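Visitor: I have a structure open and would like to learn how to read it. Where do we begin?

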Amino acid sequence: MKGAFQTRPFARLLIGTSLLCLAAPAVAAEAAADQAADANAGKLDEIVVTAQKREQNLQVVPIAISAISAEKVATLGIKDAKDLSGLAPNVTIVQGTINANAAVISIRGINTSAQETFGIDTANALYVDGIYIARSGGSALDVMDIERVEVLRGPQGTLFGRNTTGGAIAFISRAPSETFKLRAEATYGNFNTANARITLDPGSIAGIRTSFTYNHQQRDGVVDNILEPNRGRDPGSRQSDSFRFAAKTDIGGTGTVQYIFDWSRTRSSPMNFQLTNVADGTARAPIVVNGIPVVATQQAPVQQYLAGATFLNPACAALAAPTRTWRPTVCNDISSTSLDTAWGHNLQIENDFGAFKIKSTTGYRRWDNDYTTDLDGIGAFRGPQFTNATLFNGMPASLLQFIPTIPAAARGFIAGSPVPTVQQNLFDTSNQRRHKQLSEELEISGQSDTLDWVVGGFYFWEKGSENNPQNSGFVLDTNTIFTANFGPLGPSFVAANPARYRLVQTLGRLIYTASAESAAVYTQATYYPGGRDSGLRLTVGGRYTWDQKTMIRLQNGATVPAAPDQGRTSFSKFTWNAMLGYDLNRDVNVYARIATGYRAGGFNAQDPASGGVLPSFKPETLTSYEVGLKSELFDRHLRFNLSGYYNEYKDLAIAVPLTNAPPGTFATAVTNAGKVTYTGVEAELMAVLNENFTIEGNAGYVDIKYKEFNAGLPVTAGQPLVNIASIATPAYTSPFTANAALNMQFPLTSSGLRLTGRVSYTYEDPKYSFSNNISTPYNEALRNDAIKRVDAQIAIDRIPLGGGEALIRLWGRNLTNQNAFVRGIDFGSLGYAGGYFVDPRTFGVSIGVKY
């Protein structure tokens, strides 16, 4: 990339060329195509999406895409990407561990790494009004005035800003209104939930349409931290304030300029970590894979140490007993908190020149995150401490005489000295993260009777930093020191050992800065042989991407190195797709698609350096084959879409806990797994039963097979890594997902007053949190529970209110109060594991007005 392509001049060219959008005179007026409201009564609404950079009916787009309307967003209370889990087939989303906004997204079995580090790109992209959001933690979507959400499944390697291998989620907001509009809503629910939201559109003033939104949310914790008297700081609590301003104006009759600013500040206590497993230090034999013994992670004897430790708060002792059963209480002596501040600018300029259109989208975003978190949930305890200087404390002087390094005069003193103690947690950490990004996309498009086309360029830059101190306690069985180093005297020292299990306090810190630069040019065209009404369409597209990654690491461990570790690398890739669509009749069409995807390589901040140089992992590539059917039957009373796919993945990057990490530490390395295949099927259905009832549902199944996963460390030194594909497990993926809902509406008066309701059921198969049990001994034990969630809403809306209307909605989520375990963390050699549960049952009432 260096020398052959310079991204910053390319970015300046894109930004400069975008100003041409303002240059055209008025040449055409907007066409009005409104249909009478009663023409579609009792029928399914047409869904318009922009997945291919132009407005199209969802049913003719030859890709697997789900669209969620503004009405459904409001009904379900969707605030961010996490609320979309289960609403589209083969789409599951898990809460991040350290802040309220972060999410681990899995689409068709391809997941964004749970490693929330700035050196790794996402496999599933998140877009807000055309702006790529590099880090989900900085999305702050609760202030958006959402018009619709589009969930695209499958690689998006041509038209979207960053290549993605799994899919993309695009949030599209409502444009400011030309007329006065006011909407307000207040919500109160259990756990002292109190939300308020107001949106004002003053209307067009001097040709400028504006919109203002303010949103406040607060909730107490859902688990009681018995060491924290303030329920507003318990795990699961959240308090946020956010503001959004949008302005749009017409230019010359054919162009528009829209500017959006958003700001959000969220103070939260993230999900509660619960201890589920502790090890007893039993040696793990090497695991034989394909006839080759592979090193297995050895676990510290945490069980024995906790049994003899003294808890500072006696009530916490019971919570130190691990269990997979959800507990409503926890002991966090360090109150877990996360403070997120995110803000950004979005400028969109577009113009219709008649023969073609130009659109420019410029975005700049900042995100600051400061968090402290307790990752054991059992409170502080006191017990024996290990140091080299106190190993022989309390040993009989008769044994100390055999240690030549101990002077005779010191033997009595050492023999009479107790083993020191330490107050400690199993694990706690804090972090200061700073992130900023800039993007520019310029697209030129046009159409004729037989051709739709678009060409464009994209530029993206980001920079992020972390300052992450960690404090862990590693339990050491000191008897192993005596038996391994003192020959015939070993058993005597073991018998006289006053404190067999001692804790090594391990303090470490990770400090680094990472930056990335990406540029791309792309094109796509759809050809209609015989014209648009012929029923046949062929689409081809391609994109060439250049990526450059840099990382500077100042510290990774207890000490600061003499010189920073550094890494710099670059990648480039051409991706393409080809799609064929054919209308069997006016209601049914079929399509076939071949598409490639690419995700740039990068750096994992915890990877060990060699000679001060950080190793990089390779980029991923994917080829996807897909066929599908889309139909609207019985005079638009039934919509049924079906798709099947087969993906071939190469060099899948996976974060794997190290089996050879230094004793007392927990670290992960990113490795390219090799070859993986994904075979799946998806179905979506929506039907109007009558004027009162509609049903909708979706289901997805994916089968993942690892063909090559070179991550096993052989017992014999100097041998190549072992292919452990035969025992690999796909992480954060539910093989089967399903969602079904019944929607109801009943008119109450002739003036429009009505009763509405919705009952839905979401199912997600159990998921693994890790890819193998070699480096994560509790992988099987931490397999997540199946999600079986029932949600419901009932409302009276269109209530006449002084020229406007009001609504009252009762809602409930997880009505069966399922305490499902949804994410696990295995601390490997530290000897314990735990994880997170879904929120318990929540319910409340919302009151809204609009004018």
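Guide: With contacts. Contact means heavy atoms within 4.5 Å. Leaving out residues up to four places away in sequence, E462 touches D121, A134, R135, H435, K436, Q437, A514, S515 and A516.

Visitor: In which strand is E462 found? Is E462 buried or exposed?

Guide: E462 is found in strand β27. Buried means under 20% relative accessible area. E462 has a relative accessible area of 3%, so it counts as buried.

Visitor: How far apart in space are E462 and E517?

Guide: Their C-alpha atoms are 6.6 Å apart, while 55 residues separate them in sequence.

Visitor: Let me try V149. In which strand is it found, and what does it touch?

Guide: V149 is found in strand β9, residues 146-153. Beyond four places in sequence, V149 touches S66, A67, I68, V73, L84, I169, A170 and F171. One of these, I169, is 20 residues along the chain from V149, with 7.2 Å between the C-alpha atoms. The relative accessible area of V149 is 0%, so V149 is buried.

Visitor: How should I think about nonpolar cores?

Guide: In soluble globular proteins, nonpolar side chains tend to be buried together. Here the largest nonpolar core has 45 residues. The members that touch the most other members are Y305, I378, F381, F392, F827 and Y832. Several elements each give two or more residues to this core, including β17 (274-278), α3 (302-308), β27 (451-477), β28 (501-527) and β45 (832-837). A core of 24 residues lies apart from it, with L87, V91, I107 and V128 among its members.

Visitor: What does Y305 touch, beyond four places in sequence?

Guide: Y305 touches F381, G383, P384, V422, V475, Y501, R502 and L503.

Visitor: Which element gives the most to the lining of the second largest cavity?

Guide: β5 does, with three residues. Both β5 (103-107) and β7 (124-128) supply at least two residues each.

Visitor: How does that lining divide by class?

Guide: Ten residues are nonpolar, eight are polar and four are charged.

Visitor: What should I look for in backbone angles?

Guide: Most residues other than glycine have a negative phi. D129 has a positive phi, near 50°. D129 is found in the loop between β7 and β8 (131-133). With a relative accessible area of 10%, D129 is buried. Y732 also has a positive phi, near 55°. Its place is in the loop between β39 and β40. Y732 is buried too, at a relative accessible area of 6%.

Visitor: Loops, then. Is A725 buried or exposed?

Guide: Buried, with a relative accessible area of 12%. A725 is found in the loop between β39 (722-723) and β40 (736-747). Beyond four places in sequence, A725 is in contact with Y706, K707, E708 and F709. A725 and A673 are 52 residues apart in sequence, yet 8.5 Å apart in space, C-alpha to C-alpha.

Visitor: And S751: buried or exposed?

Guide: Exposed means over 50% relative accessible area. S751 is at 57%, so it is exposed. S751 is found in the loop between β40 and β41 (754-764). From S751 to I799 is 48 residues in sequence and 9.0 Å in space, C-alpha to C-alpha.

Visitor: Last point. How do I use the confidence score?

Guide: Where pLDDT is low, the predicted coordinates should not be read in detail. The protein averages a pLDDT of 89, and 93% of the residues score at least 70. Over residues 1-7 the pLDDT is below 50, and this stretch has 13 contacts in the model beyond near neighbours in sequence. Residues 9-39 are also below 50, with 43 such contacts.

Conventions
Residues are numbered from 1 along each chain as its sequence is written. This is a predicted model: local features need pLDDT of at least 70, side-chain atom pairs count only at pLDDT 80 or more; totals for chains, interfaces and linings use all residues. Side-chain values use heavy atoms; hydrogens and water are left out. A nonpolar core is a set of buried Ala, Val, Leu, Ile, Met, Phe, Trp, Tyr and Cys residues joined through side-chain atoms within 4.5 Å. Buried means under 20% relative accessible area, exposed over 50%, partly exposed in between (1.4 Å probe, protein chains only). Helices (H or I, at least four residues) and strands (E, at least two) are DSSP runs, numbered from the N terminus. Ala, Val, Leu, Ile, Met, Phe, Trp, Tyr, Cys and Pro count as nonpolar, Asp, Glu, Lys and Arg as charged, and the others, Gly among them, as polar. pLDDT is the predictor's confidence in each residue, from 0 to 100.
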